[in-house]
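Subject: Structure handover

Hello,

Here is the structure I promised to pass on to you. Please have it open while you read, and my notes follow below.

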Amino acid sequence: MGIRIEKVDLPGIGVRHDLVTEGGRRISVVSHRDGERDLGFFDIDDPDACRDSIPLNDDEAAALADVLGASVMLSRLTSLSDETAGLYTEQIALPTDSPYLNRTLGDTKARTRTHASIVAIVRDGDVIPSPTPAERLRAGDVIVVVGTREGLDGVSRLLATGPD
C-alpha cells in the first residue's frame with residue numbers, strides 16, 4: 001500500500017492532512033483557520049473515528065517536527081553508511097573533560113586531522129545539521145560523524161584527548 005498523505009478541506013474549520021501509514025494507520029494534523037492545530041489519532045478499525053486528539057501550540061508543533069526530523073536525518077545517515085562499503089556513521093558523546101568543551105568546532109580541525117566529517121550535533125534533543133566551524137561545543141553534545149572506521153576512531157580520540 002505504501003505511505004500516502006491526504007488533504008481534506010474542513011469547511012468553517014480549516015484543513016486536515018492525514019498520513020496513512022503502510023500498516024493502514026491514520027494520523028492527522030488539523031490546521032484551524034485561527035492558527036491552532038490538533039494532532040489526531042484514528043481508530044484502526046474505523047478510519048473515520050478519531051480516537052484521540054492533542055492540541056499543539058506553536059512551540060510544541062515545532063518541537064515535534066524537530067524530533068521527527070532529527071530521527072529521520074540520523075536514520076538516513078545510518079542507512080547511507082550501511083549501503084556504502086567503508087563509510088560509517090557514528091554518534092560520539094562529547095566527553096565531559098574534553099579539551100574542546102566550550103570551544104568552537106573549528107578549533108578541533110577534525111576533518112583535517114582525521115579525514116572524517118562532523119555532519120551534525122545533537123544538543124538537548126535538537127539537531128544542528130551541518131554545523132559551522134563557529135559552533136561552540138557544549139556539555140552533553142553528541143557529535144555525528146561520517147567517515148572511515150579509522151577516521152571515526154580519530155575523531156573520538158581527538159574529542160577525548162586533543163591533538164596528538
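Before the sheets, one definition: two strands are taken to pair if DSSP finds at least two bridges between them. Please also keep in mind that this is a predicted model.

**The four-stranded sheet**

With that in hand, there is an open sheet of four strands, ordered β6-β9-β7-β8, and its pairing is antiparallel. The edge positions belong to β6 and β8; each has a single partner strand, so one side of each has no neighbour in the sheet. From one strand to the next, the twist averages 25°. Helix α4, residues 149–161, packs on this sheet and touches β6 and β9. The direction of α4 makes about 10° with that of β6.

On one side, β9 pairs with β6 (residues 88–93) in the antiparallel sense, over six bridges. You can find your way into that pairing at Gln-91, whose bridge partner in β9 is Val-144. Strand β7 (residues 117–123) also runs antiparallel to β9, and five bridges join the two.

How much of β9 is buried? Five of its six residues (142–147) are, so the strand is largely enclosed by the rest of the structure.

Is Asp-141 buried or exposed? Its relative accessibility is 0%, and because buried means under 20%, Asp-141 counts as buried. Leaving aside residues up to four places away in sequence, Asp-141 touches Ile-92, Ala-93 and Leu-94, together with Ile-121, Val-122, Arg-123 and Arg-136.

**The five-stranded sheet**

A further open sheet has five strands in the order β1-β2-β3-β4-β5, again with antiparallel pairing. Its edge strands are β1 (4–10) and β5 (50–56), each of which pairs on one side only. The twist here averages 20° from one strand to the next.

Within this sheet, β2 (residues 14–20) and β3 (residues 26–32) pair over seven bridges, in the antiparallel sense. To see one of these pairs of residues, go to Arg-16: its bridge partner in β3 is Val-30.

Gly-24 sits in the loop between β2 and β3. With 31% relative accessibility, Gly-24 counts as partly exposed. Gly-24 and Asp-45 are 21 residues apart in sequence, while their C-alpha atoms are 9.6 Å apart in space.

**The largest pocket**

The largest pocket has a volume of about 250 Å³. Which residues lie nearest its centre? They are Leu-105, Ala-110, Arg-111, Ile-118 and Pro-133, out of 14 residues that line the pocket. Helices α2 (105–108) and α3 (110–114), along with strand β7, each supply at least two residues of the lining. By type, the lining divides into six nonpolar, six polar and two charged residues.

Finally, a point on the backbone. Most residues other than glycine have a negative phi. Which values do His-115 and Asp-124 take? His-115 is not a glycine, yet its phi is positive, at about 65°. This residue is found in the loop between α3 and β7, and His-115 is exposed, with a relative accessible area of 67%. Asp-124 has a positive phi too, near 50°, and is likewise a residue other than glycine. Its place is in the loop between β7 and β8. At 75% relative accessibility, Asp-124 counts as exposed.

That is everything I wanted to hand over. Enjoy looking through the model, and do write back with any questions.

Best wishes

Notes. Residues are numbered from 1 along each chain as its sequence is written. This is a predicted model: local features need pLDDT of at least 70, side-chain atom pairs count only at pLDDT 80 or more; totals for chains, interfaces and linings use all residues. Side-chain values use heavy atoms; hydrogens and water are left out. Axes are lines fitted to C-alpha atoms, for helices over the stretch in contact, and angles run from 0 to 180 degrees between N-to-C directions. Buried means under 20% relative accessible area, exposed over 50%, partly exposed in between (1.4 Å probe, protein chains only). On a 1 Å grid over the protein atoms alone, a cavity is a set of points where a 1.4 Å probe fits but cannot get out, and a pocket is an open set with protein on both sides within 12 Å along at least five of seven lines; lining residues have an atom within 4 Å of a point. Grid points are joined across faces, edges and corners, and a volume is the space filled by probe spheres set on the points. Ala, Val, Leu, Ile, Met, Phe, Trp, Tyr, Cys and Pro count as nonpolar, Asp, Glu, Lys and Arg as charged, and the others, Gly among them, as polar. Contact means heavy atoms within 4.5 Å.
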